[in-house]
Amino acid sequence: LNVEEYLILKAALEGSPFARMKQSGKTVKSVLTKINQAVNSLIPEKMKRRPSKQAVSIKNTSSNDAIEKKLLLLREAAESFQLVRLSYRSLKSGVSLRDVEPYFVVFRRHNWYLVGYCRVREDVRLFRVDRIGSISKLDKHFPANYSLTPERFFEDSWDVEVGEPTSVVVRFRGTAARIMCDSNHHRSEQIERLGEDEIEYRATVSGVSELARWLLGFGGEFSVVEPEKLKQAVLALADGARQANS
C-alpha cells in the first residue's frame, strides 16, 4: 500500500458501522493491526499511531449490541440461501410472522436493512433490522438470486424508500436553489435554471414519502409542480405539523 491507499483504507474501516459494534469492532481493530504490521516502509510509523486527519462519520440510530447478533444470523442465512422466519414489527400493520428468502443486509442512511422475498406478501420487501423481534432459520432453501444487488434495488430511491418510480418536478428558490445546484441528490436529476435564484428540478424517484419529508426542510423556498400526490403529501405533513404546534 502507498500512503494514500493506507489512509483511505484506515478511514473507511474506522468509520464503518461495524467499528461501533462489540464483536465486529474487535474484528475491525484486528484488521487495522494486521494492516499496520504489514504495510511497507512507505508508511511512516508516526502516521500509524496518530489520529487520522480524514474521517468517515455515519450516524447509526440502532442499538449496535442488539443488532449485531441479528446481522450475523441474517448474513449466514443469505450466504447459505436458507429460508428464515421473522417476527417483524411493521409501523403500519403491527407484529406478524414472515417467511423470508434473505438476499442481503445493507446499511443505508441511519439503519441496517434486510432485503428479501417475503412469502407472506409474495414480493421483495425491505425489513429494518431493529424492527425484527426474532429470527429462526428454517430447514428450507431457496434458489440463488444474483441479479438483485443493493445498487440495483435502491437505484431510484431518494434514501431508503422503494416503490413505483415516479417523475417529480419541483421548483426551488433562493438558498434552496443554490443548495440544489451545489451538489448531486439523485442519479436521475436534471436541473434547469429559470432565473438567477430559481431552478426547476426533475428526477424519477422510487416513492414520494421520503422526498416529501425532505422537501419540508426548505420551508417556503420550494413548490411542487408535479405529481399531485407529492404535492398532497407535502401539504398533509405541513398541515399536521401546524396543527400539532398551534
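## A buried aromatic pair

Both Trp158 and Tyr201 are buried, meaning under 20% relative accessible area, where exposed is over 50% and partly exposed is in between (1.4 Å probe, protein chains only). The model here is predicted, so local features need pLDDT of at least 70 and side-chain atom pairs count only at pLDDT 80 or more, while totals for chains, interfaces and linings use all residues. Residues are numbered from 1 along each chain as its sequence is written, and side-chain values use heavy atoms, with hydrogens and water left out.

## More on the rings

Searching the whole structure turns up twelve aromatic pairs. To pair, rings of Phe, Tyr and Trp (its six-membered ring) need centres within 6.5 Å; planes under 30 degrees apart are stacked, over 60 edge-to-face, and the rest tilted. Trp158 and Tyr201 make an edge-to-face pair, 6.4 Å centre to centre with 85° between the planes. They sit 43 residues apart and link distant parts of the chain: Trp158 is in the loop between helix H5 (150-153) and S6, and Tyr201 is in strand S8. Helices (H or I, at least four residues) and strands (E, at least two) are DSSP runs, numbered from the N terminus.

Phe172 and Phe218 have ring centres 5.5 Å apart and planes at 75°, so that pair is edge-to-face too. Phe172 belongs to strand S6, while Phe218 lies 46 residues away in the loop between helix H7 (209-215) and S9. Phe172 is buried at a relative accessible area of 1%, and Phe218 is buried at 14%. Ring pairs tie Trp158, Phe172, Tyr201, Trp214 and Phe218 into a cluster.

## The four-stranded sheet

S7-S8-S6-S9 is the strand order of an open sheet with antiparallel pairing; strands pair if DSSP finds at least two bridges between them. S7 (190-195) and S9 (222-226) are at the edges with a single partner strand each, so one side of each has no neighbour in the sheet. On average, neighbouring strands are turned by 25° against each other, direction ignored.

S6 (residues 165-173) and S9 are joined by four bridges, and Val169 has Glu226 in S9 as its bridge partner. Helix H8 (residues 228-244) lies across S6 and S9, at about 145° to S9. Axes are lines fitted to C-alpha atoms, for helices over the stretch in contact (heavy atoms within 4.5 Å), and angles run from 0 to 180 degrees between N-to-C directions.

## Two hairpins

S1 (residues 82-90) and S2 (residues 94-108) pair antiparallel over seven bridges, with three residues between them in the hairpin. S2 also forms a hairpin with S3, this one with two residues between the strands, and Arg109 in the turn has a positive phi of about 60°.
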